[in-house]
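Hi,

Here is the structure I promised to pass on.

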Amino acid sequence: MAGTGWHRRILWVDLSRGKSWVEEYPESMANEFLGGRGYAIRILWDRLEPGTDPLSPENIIVYAIGPLTGLPLPSSGKMVIASKSPLTGGYGDGNIGTRAAVHLRKAGYDALAVTGRAEKPVYLYIDEKGAEIHSAEDLWGLDAEEVDNELGKRHGRRSGILTIGPAGERLVRYAVVMSEKDRAGGRPGMGAVMGSKNLKAIVIHGEGEIPAKDPDKVKEIGKQAYSDVKNAENYQHWMSEGTMAILMWCQEMSVLPTYNFREGVFDGAEKVSGEIMAREYKVFQKGCPQCNMVCGNVGEAKTGPFAGTRAELDYENVEMLGPNLGIDSLDEIIGLVRMADNMGFDTISLGSVLGFATEAYEKGLITKEDLDGIEPRWGETETYVDLINLILERKKFGNTLAKGTKLAALKLGNGAIGFAMQVKGLEASAYDAHIAHGMALAFGTSPIGAHHKDAWYIYREALRGFDVNDRQKVEEIINLQRIRGGLFETFVTCRFPFVEVGLNLDYYPRLLEAATGLSYTMNQLFNMADKIYDLIRLFWVREYGWWDRSMDTPPARWFDEPLTKGPRKGAHLDRKIYNQLLDWYYEIRGWDERGIPRRSTLEARRLGREAREIESMGIKLSP
Ligand code: PTT
Ligand code: SF4
């Protein structure tokens with residue numbers, strides 16, 4: 001029996017036909033997939049024609065929330081945005097904190113799915129009555145902040161607004177979806193998918209109740225959880241520095257990506273630390289709905305060309321547009337982050353692309369002419385501003401850089417793929433893995449490409465010892481993937497209360513039961529997470545038509561080019577060790593040596609129909 005914590009309604013919009021409708025989905029979908037990423041992969045598997053071009057009208061983009069979203073419990077204002085990725089050609093998703101998540105639930109839907117392409121730019125207005133399609137011709141070309149302001153004026157500031165910037169309109173394959181000026185989601189090009197549909201924005205306004213089996217119980221458990229968050233030992237430190245607290249730790253550990261992940265330490269790290277950000281740059285702090293540990297630290301540039309500009313300073317943003325490019329000035333980093341947010345680029349991939357281009361230029365693989373006269377140089381912010389504009393204009397080699405580092409490297413040849421810092425086409429987030437086989441495996445096996453969200457293992461790896469490469473390491477990574485990539489992406493709530501201030505995980509099955517009436521053990525939830533992982537992996541195999549372990553292997557740089565400075569000078573990954581870890585990984589997941597789920601694994605998870613579909617493509621599954 002399904003619980004009561006769902007509307008069991010998905011709002012569909014077909015922009016080609018200008019039509020919208022509501023579909024009820026079966027109880028079994030709620031029971032087996034809960035919400036968020038679970039719903040997204042179920043919808044994409046069932047409804048997307050295999051081999052669809054991600055930027056064609058036929059692609060589907062899903063905005064999904066979960067049974068805990070929006071309820072009075074810690075940090076519940078989150079939403080999953082998923083689609084077939086134009087950057088990777090496989091499953092892509094992101095998780096964004098936004099009022100739009102809460103409004104979608106209040107409007108009476110568990111997900112919104114959009115397909116088709118409008119003839120001219122449009123935006124959607126969604127409420128209890130369904131979806132209205134409005135012209136966005138006057139909004140096209142505006143940056144994300146301007147659109148947010150304008151739609152806020154039209155529909156009320158309390159509404160939830162998702163928008164793309166010019167990067168999404170121009171189909172930059174690592175364009176994100178923006179909300180509330182500083183929130184960004186959907187690293188693998190979810191903004192480009194919206195752009196390809198001529199969909200500039202979505203405004204959501206709901207006034208209804210969020211369904212819960214026992215609202216009083218949710219409130220009671222939620223209240224206790226809020227109080228645990230606030231009383232956590234490191235709460236004050238978190239409130240002061242947020243995610244940037246980790247920057248100096250990365251420097252000490254020698255895992256701070258520097259000069260396109262060539263090194264793990266940066267000479268100017270102290271100038272861009274969490275402490276400096278909090279003491280000298282922070283002007284205010286903001287966050288997602290229902291959160292009492294808000295981490296959006298907004299900093300203001302004090303001097304230089306960006307003086308007076310404000311931007312949210314998360315670790316990944318500061319690192320990838322700072323040390324990774326040799327930039328040691330927060331004044332300048334703030335300018336680059338603001339530019340990325342307003343234009344709607346993913347900061348991580350953008351930082352990686354700029355680093356890749358600088359290195360390719362240094363090595364003579366691209367010339368000044370290819371870059372329209374620009375000479376990218378480490379630490380010289382103005383050259384990066386020019387390069388970002390070249391990518392936006394899709395001019396000369398900027399057009400190739402708009403497709404990400406993997407495609408750019410394949411075009412350049414000459415070994416460029418070795419320093420394209422990506423897995424499956426998605427650029428690695430800001431953790432250098434020269435010394436960290438575990439983090440390398442987490443990047444290698446993440447279901448969307450090299451993102452840390454499913455298993456930010458590096459911290460735990462340091463505690464256990466970077467040089468301990470045993471089976472337990474792999475088990476721990478899989479468990480993290482189950483918790484972070486399975487539970488939090490289907491409940492849909494923020495994982496930071498658990499990850500950053502140590503909120504007890506036991507709260508979640510209790511909250512789930514109060515919200516839905518379903519009583520799941522942690523083990524059952526882990527099984528659900530594994531099923532989602534299997535289905536996502538099958539999706540990749542279906543879209544590629546083949547698979548092998550090279551797709552789960554990080555870039556050659558970490559193996560072949562040792563660190564040349566810092567406390568771990570000389571360190572690099574070892575292929576034999578990595579392959580052993582990957583073998584254990586496949587074995588524990590019930591996947592074969594190619595990284596494809598075995599038929600027996602799929603049948604045990606009631607994915608027999610999906611297994612047959614793969615076999616009907618001529619891909620033989622291992623027993
Ligand atoms: C996330 C990725 C991250 S991960 C960061 S900073 W991080 C970058 N933020 C960007 C940004 O900002 N502007 C921009 N133009 N591009 C950006 N790209 C990068 O995107 C995010 C927080 C953070 S801050 C993290 S880790 C946690 N992520 C969660 C997650 O994935 N799931 C979950 N259940 N809870 C999470 N909580 C935390 O949320 P993507 P957000 Mg993000 C300015 O979207 O695609 O998943 O990539 O959503 O609302 O900004 O919150 O040190
Ligand atoms: Fe949003 Fe940060 Fe709060 Fe998570 S901890 S809900 S990312 S403000």
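Ligand 2 lies between domain 1 (9-204) and domain 2 (233-427), because both give residues to the shell around it; the domain bounds come from an automatic or database domain assignment. The residues around ligand 2 are Ser75, Lys78, Arg183, Gly287, Cys288, Cys291, Met293, Val294, Cys295, Cys494 and Phe496, where being around it takes a heavy atom within 4 Å. That shell divides into seven nonpolar, two polar and two charged residues. For those classes, Ala, Val, Leu, Ile, Met, Phe, Trp, Tyr, Cys and Pro count as nonpolar, Asp, Glu, Lys and Arg as charged, and the others, Gly among them, as polar.

Before you go on: this is a predicted model, so local features need pLDDT of at least 70 and side-chain atom pairs count only at pLDDT 80 or more, while totals for chains, interfaces and linings use all residues. Residues are numbered from 1 along each chain as its sequence is written, chains are lettered from A and ligands numbered from 1 in the order in which they are written, and side-chain values use heavy atoms, with hydrogens and water left out.

The search turned up one cavity of 30 Å³ or more, and the largest cavity has a volume of about 60 Å³. A cavity is a set of points on a 1 Å grid over the protein atoms alone where a 1.4 Å probe fits but cannot get out, and lining residues have an atom within 4 Å of a point; grid points are joined across faces, edges and corners, and the volume is the space filled by probe spheres set on them. Among the lining residues are Lys424, Tyr533, Trp540 and Trp591. Helix α22 gives the most to this lining, with four residues (helices are DSSP runs of H or I, at least four residues, numbered from the N terminus). By class, the lining has six nonpolar, two polar and two charged residues.

Enjoy exploring!

Key. 1 Å grid on protein atoms, 1.4 Å probe; cavity = no way out; pocket = protein on both sides within 12 Å on 5 of 7 lines; lining within 4 Å. Helix = DSSP H or I, 4+ residues; strand = E, 2+ residues; numbered from the N terminus.
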